[in-house]
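Hello,

Here is the structure I promised to pass on. My notes follow below it, so please have a look and read along when you have a moment.

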Amino acid sequence: MDSVDIEKKNRKNFRSLLDVLSMPGTTSKVNKLFDSYVLSVGSVLLYSEVSYIIKLKKILV
């Protein structure tokens with residue numbers, strides 16, 4: 001069974017996304033992660049070692 005280096009793919013995909021967003025009109029290749037482009041982009045944008053917080057005001061009804 002082939003092992004997948006997710007960190008390496010995330011670094012390459014992050015660089016591809018950064019290049020495309022910083023230079024409109026250019027294209028770049030995103031590598032698949034487990035046969036899914038959506039999963040590979042989600043893995044880059046929702047990195048597991050980063051914490052997220054959602055601040056909501058409580059609405060009393």
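Where does Asn10 lie? Asn10 is in helix H1, and I will come back to this residue once the setting is clear.

First, the ground rules. The model is predicted, so local features need pLDDT of at least 70 and side-chain atom pairs count only at pLDDT 80 or more, while totals for chains, interfaces and linings use all residues. Residues are numbered from 1 along each chain as its sequence is written, and side-chain values use heavy atoms, with hydrogens and water left out.

**The chain as a whole**

The protein chain has 2 helices and 0 strands. Both kinds of element are DSSP runs numbered from the N terminus, helices being H or I with at least four residues and strands E with at least two. Of the 61 residues in the chain, 13% count as buried; here buried means under 20% relative accessible area, exposed over 50%, and partly exposed in between, with a 1.4 Å probe and protein chains only. The chain exposes about 5800 Å², of which carbon and sulfur atoms supply 62%. Those areas come from the Shrake-Rupley method with a 1.4 Å probe, and for residues only the protein chains shown count as cover. Looking at contacts (heavy atoms within 4.5 Å), 45% of those between residues at least 6 apart in sequence join residues at least 24 apart.

**How the two helices meet**

Helix H1 covers residues 6-22 and helix H2 covers residues 37-45; their axes come within 9 Å and cross at roughly 90°. That makes H1 roughly perpendicular to H2. For the terms, axes are lines fitted to C-alpha atoms, for helices over the stretch in contact, and angles run from 0 to 180 degrees between N-to-C directions. Angles under 35 degrees count as roughly parallel, over 145 as roughly antiparallel, 65 to 115 as roughly perpendicular, and the rest as oblique.

From H1, the residues Ile6, Asn10, Asn13, Phe14 and Leu17 meet Ser40, Val41, Ser43, Val44 and Leu45 of H2. The residues of this contact divide into 6 nonpolar, 4 polar and no charged. In that count Ala, Val, Leu, Ile, Met, Phe, Trp, Tyr, Cys and Pro are nonpolar, Asp, Glu, Lys and Arg are charged, and the others, Gly among them, are polar.

Leaving out residues up to four places away in sequence, Asn10 touches Ser40, Ser43, Val44 and Tyr47.

Ser40 lies in helix H2 and is buried, with a relative accessible area of 0%. Beyond its neighbours within four places in sequence, Ser40 is in contact with Asn10, Asn13, Val30, Asn31, Lys32 and Leu33. The C-alpha atoms of Ser40 and Lys9 are separated by 8.0 Å, with the two residues 31 apart along the chain.

Ser16, in helix H1, is also buried, with a relative accessible area of 10%. Setting aside residues up to four places away in sequence, Ser16 touches Ser28 and Lys29.

Which residues does Thr26 contact, leaving aside its neighbours within four places in sequence? They are Asp19 and Val20. Thr26 itself lies in the loop between H1 and H2 and is partly exposed, with a relative accessible area of 34%. Its side chain reaches the backbone oxygen of Met23 at 2.6 Å.

Phe34 is found in the loop between H1 and H2, and its phi is near 55°, a positive value in a residue other than glycine. Phe34 is exposed, with a relative accessible area of 52%. Asp35 is in the loop between H1 and H2 too, with a positive phi of about 60° although it is not a glycine. At 70% relative accessibility, Asp35 counts as exposed.

Finally, Val4 sits in the segment before H1 and is partly exposed, at 37% relative accessible area. Not counting residues up to four places away in sequence, Val4 touches Lys9, Leu33 and Phe34. Val4 and Leu33 are 29 residues apart in sequence and 8.2 Å apart in space, C-alpha to C-alpha.

Best wishes, and happy browsing!

Conventions:
Polar contact = N/O pair within 3.5 Å; in protein donor to acceptor, adjacent residues only side chain to side chain.
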